[in-house]
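I opened my notebook to walk through this structure one piece at a time. Come along, and keep the 3D view beside you.

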Amino acid sequence: MRSLILAVTMLTVFSCQKDITLPEGTEEPFPTIYRLHAPAYFGVPVAMPDNPLTVQGVALGRRLFYDPLLSANMQVSCASCHHQDKAFADGAILSQAGVSGKPLTRHSPVLLNLAWADQGFFWDGGAKNLESQAFAPLTHADEMGMSLADIKARLRSDSEYSKLFYQAFGEAPSAEGTAKALAQFQRTLISADSRYDRYLRSGSKKELTEAEHRGRILVKQKCGNCHSGAHFTDYRFHNNGMDANFSDLSDEWIHLGRYRISLDPKDMGAYKTPTLRNVAVSAPYMHDGRFATLDQVLDHYRFGVKTSSFTDPVLYDFSGNIGISMTDKEEADIKAFLFALTDEQFLNNTRFSNPNKK
């Protein structure tokens, strides 16, 4: 029934297009529903009725994701800051891969399991959904440096893209269609085949070592307030004691975290909880990339959490002591389990790789 409703919706959308002149050799658009494949324990993805996944839309988004045509100097693509082998992070503290060559103000996050994200995008949740999120890097002077008009004109001058947009959306290339296609592709980036997932599916304890099993329990006990559930994130925002002083109002309030968007004092210095999936390959860490290793991250929670009136209460124990208590052995076990969350199939899946390479 859900598939039938989606098919009717897409037919309605395409039947409402007016006076469409198809490029020569282009078939009438009739997109095919794209079905996400994920384990049941992932839950139901966020519904996006205004941008249903289709095979044609996903293929278009994948091509656009890797194409430097979308940048002012024609040398920068989305993939310049999101590398598949790093779970679509980039390994840089603050990327300088944009058209200006200047360092960005936030660390490039991983891109995976985004179809389940429901609390906004960017580290501070400044974008409501993936569609609106796409416009920021496309137009930012230090990232891809394009105007919406330039995106439209450049894509419409490309006959192949004209065909692909008609096949996906029944219309000529546009900035809005570009954002929709990029969002569709990103929602297909599902990571669900780590050794931990194999343990969940098979029920066999042999999938994990004894240290990893101990770490699995410890992560739930000590980190589960934020890194919760099958996605190892609550998709929400927390001040995790990275800083104690928030008086500097320069640089567009970029260091104020979620407060910059909500203006709610409880969001001061709060940033979105990143997933722990593939965390072993996506260093450096935190919103500004300040920690180079997992050891530094774990040591921060043990010894380095800063006290302020905005520090999240979950970082205090029942006696009012700040930080997450753990022994050296517990830290080692937690780290072992984090490595068990690496999904080699995801990192090497050709369905997510650059289709523009010859």
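**Entry 1**

I began with helix α11, which covers residues 328-339 and has twelve residues. From its first C-alpha to its last, α11 reaches 17 Å, close to the 16 Å expected at 1.5 Å a residue. I keep in mind that this is a predicted model.

Next I looked up which residues of α11 are buried. I found E331, D333, I334, F337 and L338. Looking down the axis of α11, I saw these buried residues fall within an arc of 160 degrees, so they line one face of the helix. On the other side of α11, I noted D328 and K329 as exposed.

What covers the buried residues of α11? My list includes α7 (195-202), α8 (210-222) and α10 (294-304).

**Entry 1: a glycine in α8**

I then went to G215, which has its place in helix α8. With a relative accessible area of 0%, G215 is buried, because buried means under 20%.

Which residues does G215 touch, not counting those up to four places away in sequence? I wrote down D333, I334 and F337. Each of those three names was already in my list of buried residues in α11. I also checked G215 against A336: they are 121 residues apart in sequence, yet 6.5 Å apart in space, C-alpha to C-alpha.

My next stop was helix α2 (residues 55-65) with helix α6 (residues 175-187). Their axes come within 7 Å and cross at roughly 100 degrees. Angles of 65 to 115 degrees count as roughly perpendicular, and α2 and α6 are therefore roughly perpendicular to each other.

I looked up who meets whom in this pair. From α2 come G57, V58, L60, G61, R62, L64 and F65, and from α6 come T178, A181, L182, Q184 and F185. Sorting the residues of this contact, I got seven nonpolar, four polar and one charged.

**Entry 2: an alanine in a loop**

Last, I turned to A292, in the loop between β2 (271-272) and α10.

Leaving aside neighbours within four places in sequence, I found A292 in contact with A283, P284 and Y285. I also noted I93, which is 199 residues from A292 in sequence and 8.2 Å from A292 in space, C-alpha to C-alpha.

Technical notes:
Residues numbered from 1 in each chain as written. Predicted model: local features only at pLDDT ≥ 70, side-chain atom pairs only at ≥ 80, totals over all residues. Heavy atoms only, no water. Helix = DSSP H or I, 4+ residues; strand = E, 2+ residues; numbered from the N terminus. Expected span 1.5 Å × (residues − 1). Buried < 20%, exposed > 50% of the residue type's maximum accessible area, 1.4 Å probe, protein only. Arc of directions from axis to C-beta. Contact = heavy atoms within 4.5 Å. Axes fitted to C-alpha atoms, helices over the stretch in contact; angles between N-to-C directions. Parallel < 35°, antiparallel > 145°, perpendicular 65-115°, else oblique. Nonpolar A, V, L, I, M, F, W, Y, C, P; charged D, E, K, R; others polar.
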